[in-house]
Amino acid sequence: RRAAVAAALEEKRRAIAAEIAAKLAADRTAAEAAQRARTAERSSAEAAEREAQREALAARKADEAAAVRQREEAAERRKREEEAKRRARLEEQKEAKKAA
């Protein structure tokens, strides 16, 4: 009779130990999945941040290029205007010589 009770208790102890081991394994699996999700989220956020930085850099470069173009166009306009004024002065001088 004692052997039967001891065997039953041992069986119960094993069942409880197996249940605890299963719960621990499930908890560990859930924790690992959560960690993977956090890692993936962080990686995604980092990738988004890098992309935003790339876009900002591209926008800055485009703005700088546009500013350079505008400066070059303004310089070219000034050059053309000065040349036109110079030619007009020369023409006026020719006309003045003819009139004289």
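This is a predicted model: local features need pLDDT of at least 70, side-chain atom pairs count only at pLDDT 80 or more; totals for chains, interfaces and linings use all residues.
Biologist: Thanks! How many helices and strands are there in the chain?

Modeller: The chain has one helix and zero strands. Its radius of gyration is 43 Å, well over the 13 Å that the globule rule gives for 100 residues, so the chain is more spread out than a compact globule. That radius is taken over C-alpha atoms, and the globule rule is 2.2 Å times the number of residues to the power 0.38.

Biologist: What box do the C-alpha atoms of the chain fill?

Modeller: Taken along the principal axes, the box is roughly 145 × 5 × 5 Å. Glutamate 32 and alanine 3 are 29 residues apart along the chain, and their C-alpha atoms are separated by 43 Å. For lysine 97 and lysine 79, 18 residues apart, the C-alpha separation is 27 Å.

Biologist: How should I read burial, and what share of the residues is buried?

Modeller: Buried means under 20% relative accessible area, exposed means over 50%, and partly exposed is in between (1.4 Å probe, protein chains only). Here buried residues make up 1% of the 100 residues in the chain. Lysine 97, which lies in helix α1, is exposed, with a relative accessible area of 68%. Glutamate 32 is partly exposed, at 41%.

Biologist: Which residues make a nonpolar surface patch?

Modeller: Patches are made of residues with over 30% relative accessible area and no salt bridge; like charges are joined within 9 Å, and nonpolar side chains (Val, Leu, Ile, Met, Phe, Trp, Tyr) within 5 Å. Ile16, Ile20 and Leu24 make a patch of about 270 Å². Isoleucine 16 lies in helix α1 and is partly exposed, with a relative accessible area of 42%.

Biologist: On to charges: how many positive and negative side chains does the chain have?

Modeller: Lys and Arg count as positive and Asp and Glu as negative, while His and the chain ends are not counted. The place of a charge is taken as NZ of Lys, CZ of Arg, CG of Asp or CD of Glu. The chain has 27 positive and 21 negative side chains, and the centres of the two sets lie 4 Å apart.

Biologist: How many salt bridges does the count come to?

Modeller: A salt bridge is a side-chain nitrogen of Lys or Arg within 4 Å of a carboxyl oxygen of Asp or Glu. By this rule there are seven salt bridges. One of them joins arginine 13 and glutamate 10, at 2.6 Å from N to O. These two residues both lie in helix α1 (residues 2-99), three residues apart, about one turn of the helix. Arginine 13 is partly exposed at 48%, and glutamate 10 is partly exposed at 27%. Glu10, Arg13 and Arg14 are linked in a network of salt bridges.

Biologist: Where do glutamate 19 and lysine 23 sit in helix α1?

Modeller: They are four residues apart, or about one helical turn. Their side chains meet in a salt bridge at 3.4 Å, N to O.

Definitions and conventions. Residues are numbered from 1 along each chain as its sequence is written. Side-chain values use heavy atoms; hydrogens and water are left out. Accessible areas come from the Shrake-Rupley method with a 1.4 Å probe; for residues, only the protein chains shown count as cover.
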